[in-house]
Amino acid sequence: MLHSRLLQYIDEVARLGSIRAAGAELHVAPSAINRQILLLEAELGQPLFERLPRGMRPTPAGEALLAHIRRTLQQYRETVADIRDLHALGNGEVVIATMTGLASGVVANAAAAFHFRHPQVRISIRTMTTLDILRAVENSEADLGLGFNVPSSTQLEVCWQMNTKLGVVVSQHHPLAQMDTIPLAQCTPYPLIFADRSMVIHGIVAEAFVKAGIDVQPAFHTNSIETMKRLAASGDAIAFLSEFDIAEELRDGRLAFRPVRDAFSNNMVSLVRREKHAHGLAGLLLADEIVSGLRHAEPGGISRASTE
């Protein structure tokens with residue numbers, strides 16, 4: 001036993017209200033249970049039970065200890081179940097629905113780390129739009145969903161989320177990389193990289209320029225986050241992405257991220273799964289791995305909610 005039998009003794013005495021009944025339930029001599037309780041009471045310096053004519057009742061100190069004991073025993077049972085489930089991971093598959101920038105950065109790194117520990121589990125990474133992510137998780141076509149501004153749903157529970165903003169993404173040697181924050185107007189002398197109209201980012205960036213009264217003609221349009229990053233890293237071109245989109249490039253020093261002054265509204269990046277769904281252990285473990293990667297990529301830490 002990982003935990004002392006004393007925890008079970010106290011739990012059973014409190015539940016049954018009798019040392020004799022607890023002894024019968026646990027197949028232990030009542031005198032042995034009583035001796036252990038008396039020793040603990042002496043150590044703590046106060047009684048844990050009131051000895052009544054018709055049984056035992058926890059004192060306030062006993063109630064406090066009992067709450068701890070029951071949490072400990074429950075956590076132990078859950079951990080034992082998880083350990084046993086590790087043998088049942090088998091050759092299963094975990095499907096995660098996400099967006100292209102997140103897929104090539106945070107999700108890819110988390111999947112690689114997970115696979116190293118659990119090589120028998122297949123991981124399927126599917127890139128799609130925000131609404132398709134929502135539908136895939138709701139319909140159990142994906143075990144996990146990770147995206148920006150995923151609509152709330154009574155069928156989904158949030159494992160982790162955080163507010164973030166788009167910003168200027170440039171090479172480390174770009175003149176704008178020397179600034180802490182960048183006015184949108186100072187981007188216009190350089191080649192601009194816009195997401196094409198099929199992507200949510202296009203509307204956010206285009207609207208920001210319109211609101212600022214700046215007429216621009218982007219040099220590049222693409223529906224590939226990876227292409228945006230490569231174009232930005234190779235010269236003076238500017239992309240507009242989030243820090244999560246370029247988490248790996250930030251760590252490696254290939255790209256720089258700078259906030260834009262008063263241009264972009266907040267976007268929420270969320271990791272979700274189907275609420276009250278019989279989650280497999282593999283999906284929960286991968287969710288933990290992704291949350292760890294997201295926290296590492298957070299601004300200033302390169303947490304808000306957590307997996308259960």
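**Entry 1: the sheet around strand 8**

I looked up strand 8 and found that 3 bridges join it to strand 9, the two running parallel. Strands here are DSSP runs (E, at least two residues) and helices likewise (H or I, at least four), numbered from the N terminus; two strands pair if DSSP finds at least two bridges between them. The model is predicted: local features need pLDDT of at least 70 and side-chain atom pairs count only at pLDDT 80 or more, while totals for chains, interfaces and linings use all residues. Residues are numbered from 1 along each chain as its sequence is written, and side-chain values use heavy atoms, with hydrogens and water left out.

Across from Ile-193 I found Phe-220 in strand 9. The sheet is open, with 5 strands in the order 9-8-10-7-11 and mixed pairing. Strand 9 (220–222) and strand 11 (255–258) have a single partner strand each, so one side of each is left without a neighbour in the sheet.

Contact means heavy atoms within 4.5 Å; axes are lines fitted to C-alpha atoms, for helices over the stretch in contact, with angles from 0 to 180 degrees between N-to-C directions.

I then checked the rings of Phe-194 and Phe-209: their centres are 5.8 Å apart and their planes at 35°, so the pair is tilted. (Rings of Phe, Tyr and Trp, the last by its six-membered ring, pair if their centres lie within 6.5 Å; planes under 30 degrees apart count as stacked, over 60 as edge-to-face and the rest as tilted.) Phe-194 lies in strand 8 (residues 192–195) and Phe-209 in helix 7, so the pair ties together parts 15 residues apart in sequence.

I traced another open sheet of 5 strands, in the order 4-3-5-12-6, with mixed pairing. Its edge strands are strand 4 (122–127) and strand 6 (156–164), each pairing on one side only. Neighbouring strands are turned by 15° against each other on average, direction ignored. Strand 6 runs antiparallel to strand 12 (residues 267–274), and 8 bridges join them; Val-158 stands opposite Val-272 in strand 12. Helix 10 (residues 281–296) packs on this sheet, and its direction makes about 25° with that of strand 5 (144–148).
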